[in-house]
Structure formats: structure tokens, C-alpha cells
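Colleague: Before I use this model for any calculation, I would like to go through its side-chain contacts with you, one question at a time. Could you show it first?

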Amino acid sequence: MIKKATGEIKPYRVLILTLLIVSTGILILQDYSRLTKDFSKLMSFLTKARLKAMQDDVILTTHFMGKNVIVKDNNGNVLEFLHVSTLHKVNYDTKLGKNMIVFTGRGTSPYNIRVHGGDITLKSWFGFRKNIAVNCTGLVKEGLYPEDD
């Protein structure tokens with residue numbers, strides 16, 4: 001003889017399922033928030049480097065090393081440092097080397113390999129992405145630059 005399930009809903013099962021769903025939602029929101037904060041910090045960091053290079057008419061080199069971004073002056077002295085946990089890909093190369101941006105008082109174009117500049121991709125654990133484009137004048141904005149022709 002086979003017994004049929006009555007379909008009774010157990011309150012503790014509902015509570016566990018609710019906690020799992022809420023916890024997953026909170027993790028996703030925190031992950032997206034972390035990406036957004038890193039994006040804002042990096043945008044400000046690069047903009048600050050650009051403005052300092054323009055204001056003082058100096059050459060500042062921004063190096064991307066792993067998850068770290070370092071701004072150095074022309075003598076190699078470290079001026080600023082930023083850790084970006086969501087840094088995923090740097091698509092910006094210069095005549096001085098890969099994964100760096102050289103800001104001058106007149107922009108970045110004297111050192112760029114790509115005509116339009118380049119871009120940086122940030123990616124979260126759950127796959128959310130944000131991109132920062134830096135053009136030949138050194139302007140920092142959200143987005144991607146087109147592929148080279």
C-alpha cells in the first residue's frame with residue numbers, strides 16, 4: 001500500500017526558504033554596491049590624476065598592477081595609490097608600457113598606442129560590469145571605446 005502525501009506546508013521550511021532567498025538577494029545587492037563604489041573611486045582617482053597633470057603641467061603615469069592603481073610622477077615617486085577589488089581588465093597601453101595611462105598637461109595622446117585611448121573594465125563576483133573610458137585628451141567617463149579599425 002502506498003501512502004499519499006497530504007501536501008502540508010511546514011512553517012520551518014517556509015522560514016528556511018525565505019532566509020535563503022533574502023540572503024541571496026542581500027549578497028547580490030552588496031556585490032553590486034561594491035562594484036559601484038569601486039567604479040566611483042576609480043573615476044575620481046583618474047580624474048584627479050588628469051587634473052593634477054593639467055594644472056601643474058607635469059607628466060603623471062598611472063600604473064595598473066593587479067588590483068592596484070598607482071600614480072607616479074616623472075621621477076618615479078609614488079603620489080597616489082588605490083586598491084580596486086573589482087578591477088578586471090585594462091585595455092590601455094602606452095609607448096612606455098602596457099596597462100598604464102600617461103597623463104600630461106595636454107592629455108594622453110603623445111603616449112597612446114590606440115588613437116582613441118582605451119578603457120578599463122570592472123567586474124563583480126556575480127558578473128556585473130562597469131567600464132571606464134579614457135580618451136586621448138585624458139577625459140575619464142563611463143563606457144567603452146570602439147575597437148581599433
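Colleague: Which residue does K52 meet in a salt bridge through its side chain?

Modeller: Since this is a predicted model, what follows is computed from predicted atoms. The side chains meet with 2.8 Å from N to O, and the partner of K52 is D56.

Colleague: How many salt bridges does a search of the whole structure find?

Modeller: One of them joins K52 and D56, and another joins the side chains of E80 and K48, at 3.4 Å from N to O. E80 lies in strand β3 and K48 in helix α1, so this pair ties together parts that are 32 residues apart in sequence; E80 itself is partly exposed, with a relative accessible area of 32%. Over the whole structure, the number of salt bridges found is six.

Colleague: Is D31, which forms a salt bridge with R34, buried or exposed?

Modeller: The closest N and O atoms of R34 and D31 are 3.2 Å apart, and the two residues, three apart in helix α1, are separated by about one helical turn. Buried means under 20% relative accessible area, and R34 falls in that class at 18%. D31 has a relative accessibility of 1%, and therefore counts as buried.

Colleague: Over the face of which ring does R34 lie?

Modeller: Besides its salt bridge with D31, R34 has a contact with an aromatic ring, at 3.9 Å from the ring centre. A second contact of this kind places K130 over the face of F39, at 4.9 Å from the ring centre. For R34, the ring in question is that of W125.

Colleague: Which residues form a nonpolar patch on the surface together with W125?

Modeller: The patch has about 470 Å² of accessible area, taken over its members together. One member lies in helix α1, which spans residues 11–56, and that residue, L27, is partly exposed, with a relative accessible area of 48%. Together with W125, the patch is formed by L27, I28 and F126.

Colleague: What is the geometry of the aromatic pair, stacked, tilted or edge-to-face?

Modeller: A search of the whole structure finds one aromatic pair. It is made of Y32 and F128, whose ring centres are 5.2 Å apart; Y32 lies in helix α1 and F128 in the loop between β8 and β9, so the pair ties together parts that are 96 residues apart in sequence. Y32 is partly exposed at 38% relative accessible area, and F128 is partly exposed at 28%. The ring planes stand at 75°, over the 60 degrees that the class requires, so the pair is edge-to-face.

Colleague: Which element gives the most residues to the largest nonpolar core?

Modeller: This core has 24 residues, and those with the most contacts inside it are L42, L46, F64, I120, I132 and V134. F64 is found in strand β1 and is buried, with a relative accessible area of 7%. The elements that give two or more residues to the core include β1, β2, β8 and β9, but the most, eight residues, come from α1.

Colleague: How far apart are the C-alpha atoms of F64 and I28?

Modeller: F64 is one of the core residues with the most contacts, whereas I28 belongs to the nonpolar surface patch. The two residues are 36 residues apart along the chain, and their C-alpha atoms are separated by 27 Å.

Colleague: Where is N99, a residue other than glycine with a positive phi, found?

Modeller: Phi of N99 is near 55°, and D57, which is not a glycine either, has a positive phi of about 50°. D57 is in the loop between α1 and β1 and is partly exposed, with a relative accessible area of 47%, while N99 is partly exposed at 30%. As for N99, its place is the loop between β6 and β7.

Technical notes: Residues are numbered from 1 along each chain as its sequence is written. This is a predicted model: local features need pLDDT of at least 70, side-chain atom pairs count only at pLDDT 80 or more; totals for chains, interfaces and linings use all residues. Side-chain values use heavy atoms; hydrogens and water are left out. Patches are made of residues with over 30% relative accessible area and no salt bridge: like charges are joined within 9 Å, nonpolar side chains (Val, Leu, Ile, Met, Phe, Trp, Tyr) within 5 Å. Accessible areas come from the Shrake-Rupley method with a 1.4 Å probe; for residues, only the protein chains shown count as cover. A salt bridge is a side-chain nitrogen of Lys or Arg within 4 Å of a carboxyl oxygen of Asp or Glu. Helices (H or I, at least four residues) and strands (E, at least two) are DSSP runs, numbered from the N terminus. Buried means under 20% relative accessible area, exposed over 50%, partly exposed in between (1.4 Å probe, protein chains only). Rings of Phe, Tyr and Trp (its six-membered ring) pair if their centres lie within 6.5 Å; planes under 30 degrees apart count as stacked, over 60 as edge-to-face and the rest as tilted. A charge sits over a ring if NZ of Lys or CZ of Arg is within 6 Å of the ring centre and within 35 degrees of the ring normal. A nonpolar core is a set of buried Ala, Val, Leu, Ile, Met, Phe, Trp, Tyr and Cys residues joined through side-chain atoms within 4.5 Å.
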